[in-house]
Amino acid sequence: MAVSGSLFKPNQSLSIFLKPTKPNLSCKKHFCLKASALENEEPKMSTIKENDVWKIDFSGKKPDTPLLDTINYPVHMKNLSTRELEQVAAEIRADIVHTVSETGGHLSSSLGVVELTIALHYVFDTPDDKIIWDVGHQAYPHKILTGRRSRMHTIRKTSGLAGFPKMDESVYDAFGAGHSSTSISAGLGMAVARDLLKKKNSVVSVIGDGAMTAGLAYEAMNNAGFLDSNLIVILNDNKQVSLPTATLDGPATPVGALSKALTGIQASKQFRKLRETAKGLTKQIGGQTHEVAAKVDEYARGIISASGSTLFEELGLYYIGPVDGHSIEDLVAMFEKVKAMPAPGPVLIHIVTEKGKGYPPAEAAADKMHGVVRFDKKTGKQFKSKSSTLSYTQYFAESLIKEAEADDKIVAIHAAMGGGTGLNFFQKRFPDRCFDVGIAEQHAVTFAAGLATEGLKPFCAIYSSFLQRGYDQVVHDVDLQKLPVRFAMDRAGLVGADGPTHCGAFDITYMACLPNMVVMAPSDEAELMHMVATAAAIDDRPSCFRFPRGNGTGAVLPPNYKGTPLEIGKGRIIMEGNRVAILGYGSIVQQCIEAARMLSSLDIYVTVADARFCKPLDTVLIQQLANDHEILITAEEGSIGGFGSHVSHYLTLTGTLDGSLKLRTMVLPDRYIDHGSPQDQIKEAGLSSRHISATVLSMLGTPREALQFK
């Protein structure tokens, strides 16, 4: 296991880690290309250095980036001076603000790591050296410096760049991301593989303080300390543990003890003073006694910050920091020293950054402009599309608030996603009954189970794709014990620009296979409110309901947003026809209704039913549809093995499929669908109203008539 001093040679001072020596970045002779402005050219955003600080004028149009224009790959900045690297940082910031103002995306995370990204690519030799970005929404500067700047205007768009690192997009993306806290595990695997293959490259994992709240990160650090492989972990501490980073009343208070420990490390003047003493001792003792000095250094940290830096050292990582994450000079010096250390062992470098750095509207915003739509560069005002309806997320939150007003046993849990799940609204109304557990879905589920054992009624609101991280707890701690935890699974189905990492494709399958789980999906926002009320009423077993990203359909809402509990396992018929029945589950019912309208133009009238429940199935409704129609089509925005599989399994067991009934199940294709607009994604999945209509016509023997639909 690595201990303090394991990275040091005899006669080597600890000072190299505490006050970085100046890197050898003396100004070299160079030529900068600067475009001259044409008379009719629109004014450009400019970057000017005032009082040794780069200032960016965001009032212009396309930014003027003469130095960045000379850089296509990291190798192109290897001979730049510190001053030039600082200019590159300013130009990258201007470029990111300009691009994201037109495309939308993750803004402030990327602005906060500009200097870090430059320093990493300056010191390390990517792609041979591996840089793993945790979560990945901070990777825009990385993409700009690794050959993708010319395509940044396509980010998160159909056929464009992904919003996260993606291995098949670039050789510089060492590991794909999108979910939190995976970087140290992946980096450790790469480091061990490197050692087994007798390679010499460096491996760097960049992880934020928010991602450090997940157990996976600690499991990885614990194993890294035991294996003692040469791994560099960079802890990017921007004091933003919850994402998105605001409540309705302002910036979110970081959750958990880790944030307090990191703050203590940053603030402790005594800690830094004692480390200076340790450095001096190292110089005085010299020779082979450097281990003694290392122990003094470790002892100093243990006395002053036992809950902080030594937490990492007890796990076997040598702790260095905190370091100014916006000083390129300090970062380069630090990385060069760490890279040069010959002895193996994991190192954690604690850097402090500011989310939204360099863009005043982001620095001032409560949420730091974490995720944005198109916005005005000068003011930061976002151009949010106006809609006559609210988002499904908001309807869920308002409905849950109404249930909680009537029942003081209802509590809500989320995993650092108060804004994303809508529970910020609940927290505003019931601050003592809403729990942000950090990015810790496993803990969130079992925490909710514990609440349920004492008679409370927990609603655990977690994105469909994020709940995958806590699935064992759903099975073992909730369903097996038949505890009445209610799971509200937002972002179910296709999610547009966030792509496959956030696509909620699998929840129907993984929840409906559990023996005790009630599984629901609303077809519109009114049905969602009824299902919130239904879940609140179910108190003898677990339940879940899924709902999509996006806005409601304009359905007539129940009075005062207060739903009425549904009869468990009972669907409904929306419109009646003959010969063909379409049984939809969840939001795709809207596509089924539109398909029925399209078919009516051909004098084909179909029955459309809303299943409401996948478990328990409405077997009476299914049997009725099977008996009264020649053709039965099921449709869902979920993977194979979901609602359609349950229906076909039932029809097989009852012998219904032994007769003349024709059955088709329409599901998401058995592959991951790339990011893009929701309209493009639903078409690619083959689940649009046109595809449903074409399936009906094909089964009726008139497939060519589908060509009439555009």
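Author: In this predicted model, Gln-138 has a relative accessible area of 9% and is therefore buried. Gln-138 is placed in the loop that runs between β4 (130-133) and α5 (140-148), and its side chain reaches the backbone oxygen of Asp-134 at 3.0 Å. Once the neighbours within four places in sequence are left aside, the residues in contact with Gln-138 are Ser-109, Ser-110, Val-113, Trp-133 and Val-206.

Turning to the aromatic rings, a search of the whole structure gives 15 aromatic pairs. One of them is the tilted pair of Phe-396 and Phe-545, with 6.0 Å from centre to centre and 55 degrees between the planes. This pair links distant parts of the chain, since Phe-396 belongs to helix α14 (residues 392-406) and Phe-545 to strand β17 (residues 543-546), 149 residues apart; both Phe-396 and Phe-545 are buried. Tyr-463 and Phe-466 form a stacked pair, at 5.1 Å centre to centre and 25 degrees between the planes, and Tyr-463 counts as buried because its relative accessibility is 6%, while Phe-466 counts as buried at 11%. Ring pairs also join Phe-58, Tyr-359 and Phe-375 into a cluster, and Arg-433 lies over the face of Phe-430, 4.3 Å from the ring centre.

As for the cysteines, the count is 0 disulfides. Cys-513 is in no disulfide, the nearest cysteine sulfur being that of Cys-614 at 10.0 Å, and Cys-513 counts as partly exposed at 47% relative accessibility. Cys-544 is likewise in no disulfide, with the sulfur of Cys-614 the nearest at 8.8 Å, but Cys-544 counts as buried, at 0% relative accessibility.

Methods:
Residues are numbered from 1 along each chain as its sequence is written. This is a predicted model: local features need pLDDT of at least 70, side-chain atom pairs count only at pLDDT 80 or more; totals for chains, interfaces and linings use all residues. Side-chain values use heavy atoms; hydrogens and water are left out. A disulfide is a pair of cysteine sulfur atoms within 2.5 Å. Buried means under 20% relative accessible area, exposed over 50%, partly exposed in between (1.4 Å probe, protein chains only). Helices (H or I, at least four residues) and strands (E, at least two) are DSSP runs, numbered from the N terminus. A polar contact is a pair of N or O atoms within 3.5 Å; within protein, one must be able to donate a hydrogen and the other to accept it, and residues adjacent in sequence count only if both atoms are side-chain atoms. Contact means heavy atoms within 4.5 Å. Rings of Phe, Tyr and Trp (its six-membered ring) pair if their centres lie within 6.5 Å; planes under 30 degrees apart count as stacked, over 60 as edge-to-face and the rest as tilted. A charge sits over a ring if NZ of Lys or CZ of Arg is within 6 Å of the ring centre and within 35 degrees of the ring normal.
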